[in-house]
Amino acid sequence: MGFDRRKFLKLSGLTFLGFAAGSPARVFGQQDTTMVDSTATGDGTITPISGSRWAMLVDLRACNEKGGEDCDDCIAACHRVHNVPEFDDSHDEIKWIWKTSFHSAFHSQEHEFLDEAITHGNTMVLCNHCDRPPCVRVCPTQATWKRESDGIVMMDMHRCIGCRYCVVACPYGARSFNFRDPRPHIEEINPKFPTRMRGVVEKCNFCAERLATGKMPACVKACKHGALKFGDLEDPQSEVRKILGDGFSIRRRPELGTQPQVYYLV
Amino acid sequence: MIEKALTGSKRYWGWIGFLMIFIIIGALFYIRQYNVGLGVTGLSRDVPWGFYIAQFTFLVGVAASAVMVVLPYYLHNYKAFGKITVLGEFVAISSVIMCMTFIFVDMGQPFRILNVFLHPTLNSLMFWDTVVLSGYLVLNILISYVTFSSERKGIAPPRWIKPFIILSIPWAVSIHTVTAFLYSGLEGRAFWLTAILAPRFLASAFAAGPALLIILVLIVRKVSKLEIEDEPIRKLGVIVAYAMAVNVFFVLMEVFTGVYSDIPEHVHHFEYLYLGLDGHSKLAPWMWVSNILAVFSLVLLIVPRFRNSLNILVMACVAVFISLWIDKGLGMVVTGFVPNPFGEVVEYWPTVPEFFITLSIYALGALILTVLYKVVISIREQVAGYH
């Protein structure tokens with residue numbers, strides 16, 4: 001059953017693509033055209049960016065040295081594009097990508113003599129799109145699942161019953177629950193992406209909707225310092241693959257065996 | 001049969017009315033929660049499960065504990081439990097209904113709950129928990145109805161019910177095992193990631209459930225003309241004593257492994273639970289009350305002179321019940337989230353709406369139990385020729 005539904009979603013995605021190919025300007029709106037990637041050519045044809053195993057690289061040095069403590073570009077772009085609400089009360093908080101300390105993100109992998117530039121700076125955290133996602137394993141309705149084609153951990157907010165078992169199971173604290181109606185708390189609603197209702201779980205989707213229309217993830221696009229890299233690990237020629245092969249990188253809580261697909265360069 | 005619950009004394013109706021007040025207050029709060037969302041609770045993205053799920057967990061244990069009267073009576077033909085077995089099964093029925101209600105009020109989208117059956121997901125423990133709990137409810141309704149109907153007619157229960165009774169025994173164990181698996185199978189939550197969680201749940205259940213049953217049987221003896229001997233009550237006391245001792249032993253094993261190994265991810269949870277962490281210690285005083293009550297109850301339960309006095313036994317049972325309620329209904333679930341995956345302490349405390357919704361579900365359970373017990377009392381009094 002779940003498979004059928006997914007097939008349906010895929011098909012509707014394709015339908016959307018066909019629609020988008022016809023009139024990109026109308027579909028994407030004005031403000032968004034600046035973020036269109038090279039794959040989306042000017043002649044109106046949109047090619048989806050496809051990959052077999054998407055991964056994100058966070059270059060902590062670039063992030064902290066060039067971006068600095070107050071840089072919020074990636075967060076702002078992501079949260080604007082995805083209609084992520086702002087709540088005053090931290091109990092209601094929704095976040096897809098956010099800053100935390102190195103200590104908080106890597107408390108089992110640090111020591112007191114680490115480079116202060118790293119330990120005192122920010123660490124961007126988001127859904128790890130695990131290869132073996134615990135959230136998917138526990139969901140009682142298959143409202144969250146790992147997409148076979150490219151490994152993105154997807155979320156069906158229409159099927160989610162709001163039991164929050166996935167929030168409990170996630171070892172990375174990457175999932176948020178809509179404790180209240182989020183809509184009044186969205187500064188400016190982006191009509192290109194669905195808003196959510198109260199009582200469902202949400203998280204980073206690696207910009208699956210942008211990839212489908214030939215655009216890189218919003219956070220990657222927004223980072224002026226190249227601290228976020230996104231690419232296909234199955235492709236030996238991809239930039240992410242080359243960078244990972246060139247040096248040392250770490251992942252959050254690797255000992256759990258979840259195979260997180262967000263890598264950190266320190 | 002149920003018509004017996006529709007006639008009763010002023011005291012009976014007064015009690016029903018008293019429970020109804022709490023049910024209505026809770027229902028009003030639930031309407032608010034339904035409209036606003038779970039934001040009316042103290043839950044957050046750091047502590048996504050709290051009071052409701054903890055009560056669910058505790059009550060699954062109470063429900064499972066019916067097996068402690070069913071097993072000796074049906075498997076070992078321990079006749080003394082004859083009169084209280086149906087009372088135990090009714091505790092199971094009302095507890096399972098409370099469990100289901102707690103799950104319902106905890107859902108963000110409660111009216112989508114049937115998606116669990118529409119998209120059955122074998123790898124989700126929550127799916128299995130729904131299956132075993134529903135099955136356990138059906139089994140207990142069936143068994144208690146059939147056996148009590150026979151008792152009323154003064155005949156032996158039909159032979160076909162026996163396989164269902166036998167099945168209900170491992171089934172009772174399964175509901176609490178699966179409920180423990182909800183927690184113990186999560187790689188990211190060190191506090192619950194322990195093979196002893198299910199055995200520990202069962203031990204605490206087999207102490208708290210029979211302790212409650214002892215209190216209930218003594219109340220039934222007081223408010224009705226039913227003659228229930230001391231023997232089954234004392235025997236239940238022995239069961240509570242063993243189960244409580246095993247439970248405390250299991251808890252100490254957990255504490256030892258966590259504290260002596262000194263792995264930060266493990267020990268921090270225990271620190272938070274019993275001492276407080278980073279200046280946050282909302283649960284610690286409660287846990288010490290729980291610990292003291294546990295030791296106090298064990299002294300009363302283990303010394304035969306104390307245990308065999310029903311007045312002291314009932315005190316021990318109250319202590320056991322409160323101690324285990326704090327342990328499971330307050331500490332166990334929340335501590336799994338503190339500290340959170342970032343090593344930060346974000347505390348949780350139930351809000352007023354959450355408290356009253358919880359209270360109303362307990363009132364609902366008490367109402368169901370009262371009605372079921374009323375039927376048993378009226379029919380047994382009738383059979384015995386009191387009216």
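Biologist: Which residue just after α10(B) takes a positive phi?
Modeller: That's B:Gly276, with a phi of about 100°. Helices here are DSSP H or I runs of at least four residues and strands are E runs of at least two, numbered from the N terminus. This is a predicted model, where local features need pLDDT of at least 70, side-chain atom pairs count only at pLDDT 80 or more, and totals for chains, interfaces and linings use all residues. Residues are numbered from 1 along each chain as written, chains are lettered from A and ligands numbered from 1 in written order, and side-chain values use heavy atoms, without hydrogens or water.

Biologist: And which residues of α10(B) are buried?
Modeller: In α10(B), residues 264-274, they are B:Val267, B:His269, B:Phe270, B:Tyr272, B:Leu273 and B:Tyr274. Buried means under 20% relative accessible area with a 1.4 Å probe, protein chains only.

Biologist: What do they pack against?
Modeller: Three helices of chain B: α9 (230-261), α11 (284-302) and α13 (310-335).

Biologist: At what angle do α9(B) and α13(B) pack?
Modeller: About 40°, with their axes 11 Å apart. Residues that meet there (heavy atoms within 4.5 Å) include B:Ile233 and B:Met244 in α9(B), and B:Leu313 and B:Val320 in α13(B).

Biologist: Switching to chain A, why is β3(A) largely enclosed?
Modeller: Five of the five residues of this strand, 122-126, are buried, so the rest of the structure largely encloses it. A:Asn122, A:Met124 and A:Leu126 point one way, while A:Thr123 and A:Val125 point the other.

Biologist: How many bridges join it to β2(A)?
Modeller: Five, and the two strands run antiparallel. One partner pair is A:Ser101 with A:Asn122 in β3(A).

How values were computed
Buried < 20%, exposed > 50% of the residue type's maximum accessible area, 1.4 Å probe, protein only. Axes fitted to C-alpha atoms, helices over the stretch in contact; angles between N-to-C directions. Pairing = 2+ DSSP bridges.
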